[in-house]
Amino acid sequence: MIRDITIGQFYPVDSPIHRLDARVKLTMTFIYIITLFMINSFIGYFFVIGTLLAVIKVSKVPIKFMLKGIKSIMLIIIFTAFINLFMTRGEQILWQWGFLSLTLEGIFLALKMCIRLVLLIIGSSVLTLTTTPIQLTDAIEYMLRPFKKIGVPAHEIAMMMTIALRFIPTLLDETDKIMKAQQARGADFDTGNLMQKAKSLIPILVPLFISAFRRAEELAMAMEARCYHGDENRTRMNRMTMQRRDYHALVMGLVYIVAIFGLRYVSYLLPFII
Amino acid sequence: MKMVKAEGLTYEYIKMLETDHGTEEEKVSALKAVNLEIEKGEFVVVLGHNGSGKSTFAKHINALLEPTKGTLWIKGMNTKNGELVWDIRQTAGMVFQNPDNQLVATVVEEDIAFGPENMGIAPAEIRRRVDEALATVRMQKYATHSPSKLSGGQKQRIAIAGVLAMKPDCIVLDEPTAMLDPVGRKEVMETIERLNKDEGITIILITHYMDEAVRGDRVYVIDDGEVVMQGRPKEIFSQVERLQQYGLDVPQVTEVAHFLRMEGIDIPPDILTVEEMVGALCQLKLTT
């Protein structure tokens, strides 16, 4: 059961979005997230939703995979909606009970916040569903490089991410083994209240941690034996190269930014369309 | 020039002991004045039971440990010389026991590229070496797989490929088959033998499996940090009682031959394989 968890949610198909340079995708996702917080009108959201749907269509990833991410943050969305609905002060009070009041402004604000959160999750899912974890770590290493001067350990961060990704399945396997071993000796993980359940995890966590440390030590030695000494004079087998399609994508991203600013301006001029 | 030459190689470390009077320090000698020489292209087996110091010796060859006393030269390079560490590690690659704890990357070919990448080799050359190493261990099919989906034997072959991509002259394997099933063990042993015969790579195999030790050109037996026996497998394994004294088994057929000799049956003491045993027994029938 525990082995079935997939790491990274990469959806392996061949699409123009999959083929894009991970750095471009990372930049675009970043821009996309910023614009989500700049938009202040429903027209703006319609535009973003339209763009997002087009991108998803091109990526060939079934939309239900995109929506999976929303399920996990449903609680946050509901909570946000509730707070915004009843806590927003406004002039057109529709309903009031104690300190809770329902206003027209509140309804709009709640709606916008929910759309924002949903778009945020779906947008970042597009990135993780179309990019392999390695491409993503390589891109992060590359993008962090300029910050090295101010002491950001770009290479080390990327190496840590790679090793974490490499060892997640190994440690999951190990957890499974330890659980079975403890169950064989009569451990009970499923009954009791929350406190008891938490306590029953200790016999799993202690051996798991000990073995993780042992693995770390052995891995460090194996890495040293293979001449690892940080990123000094280190080369890479697969270099990231920008293709023509990557530049096209960047231009489209620029158009997108201009459009967002344009819509912002339009909604100032015509406030009645909200 | 000798591939590996050790002169009075000694390694000591301080062990902390928890006693009733607090912690006490105890000096432990893992290696005691080891002298040995390994020629280029040899297949040398280092035998010893757990805690005999054989792994400590392996780590010295890779300059992961520095000798307390004595000297160790790898292809003429002194392992005490800090500047030569990377050259030594490139010359003498190392494969460890646990296949899981020596693979770094999430994709097989990226992992094989790890060593050459650290050495600062040009990308096109790394690509070439990775493909070559994959072909040598016969794992081309798995180039883009995730290591976590492979069997133990396959993982160990990837680890060997990772060392091969660094173009070493010598590979030290520290109990590479100890955690594998019989199929994986066979795969790894075949790969090692092929590297030695076809590529001319010096192999130093650390093991406690006798059937593996039999395949070497020469055997060193280490006990309690000292080299106690050395010679060709036949010379070593015919001394059944002495080996048992060092906590080692002999190959099953050799043990049978030993017992037969004790019963007064005249067959050679240095039988290592079933085929040899069959031959010797048939010979016996002919003469009587």
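**Note on a predicted model: chains A and B**

1. Strands E4(B) and E5(B) run antiparallel, joined by two bridges. This is a predicted model. Ile74(B) stands opposite Met77(B) of E5(B). The two strands form a hairpin, with two residues between them. One turn residue deserves a look: Lys75(B) has a positive phi of about 50 degrees.

2. Which sheet holds this hairpin? E4(B) and E5(B) belong to an open sheet of four strands, in the order E2-E1-E4-E5 (chain B). The pairing is antiparallel. Strand E2 (22–38) and strand E5 (77–78) of chain B are the edges. Each of these edge strands pairs on one side only.

3. Strand E1 (residues 4–19) of chain B pairs with strand E4 (residues 69–74) of chain B. Five bridges hold this antiparallel pair. Val4(B) is partnered by Ile74(B) in E4(B). Glu7(B) has Thr71(B) as its bridge partner in E4(B).

4. What does the record say about chain B? The UniProt annotation, from an unreviewed entry, reads "domain: ABC transporter" and covers residues 4–249 of chain B. The end C-alpha atoms of that span lie 27 Å apart. The span is 35% helix and 30% strand.

5. The contact of H3(A) with H6(A) has nine nonpolar residues, three polar and no charged.

6. H3(A) also meets helix H11 (residues 244–269) of chain A. The two axes come within 9 Å and cross at roughly 160 degrees. That angle makes H3(A) roughly antiparallel to H11(A). The crossing of H3(A) past H11(A) is right-handed.

7. The H3(A) side of this contact is Ile43(A), Gly44(A), Phe47(A) and Thr51(A). The H11(A) side is Tyr256(A), Ala259(A), Ile260(A), Leu263(A), Arg264(A) and Ser267(A). By class, the contact of H3(A) with H11(A) divides into six nonpolar residues, three polar and one charged.

8. Finally, the interface. How many residues of chain A touch chain B? There are 26, in contact with 33 residues of chain B. Helix H7 (133–144), helix H8 (154–184) and helix H10 (202–225) of chain A each supply at least two residues to the chain A side. H10(A) gives the largest share, eight residues. By class, the chain A side has 13 nonpolar, five polar and eight charged residues.

How values were computed:
Residues numbered from 1 in each chain as written. Chains lettered and ligands numbered in written order. Predicted model: local features only at pLDDT ≥ 70, side-chain atom pairs only at ≥ 80, totals over all residues. Nonpolar A, V, L, I, M, F, W, Y, C, P; charged D, E, K, R; others polar. Contact = placed C-beta atoms within 7 Å. UniProt positions renumbered as here; feature names shortened; annotations may be inferred. Pairing = 2+ DSSP bridges. Axes fitted to C-alpha atoms, helices over the stretch in contact; angles between N-to-C directions. Parallel < 35°, antiparallel > 145°, perpendicular 65-115°, else oblique. Left-handed = near helix turned anticlockwise from the far one by under 90°.
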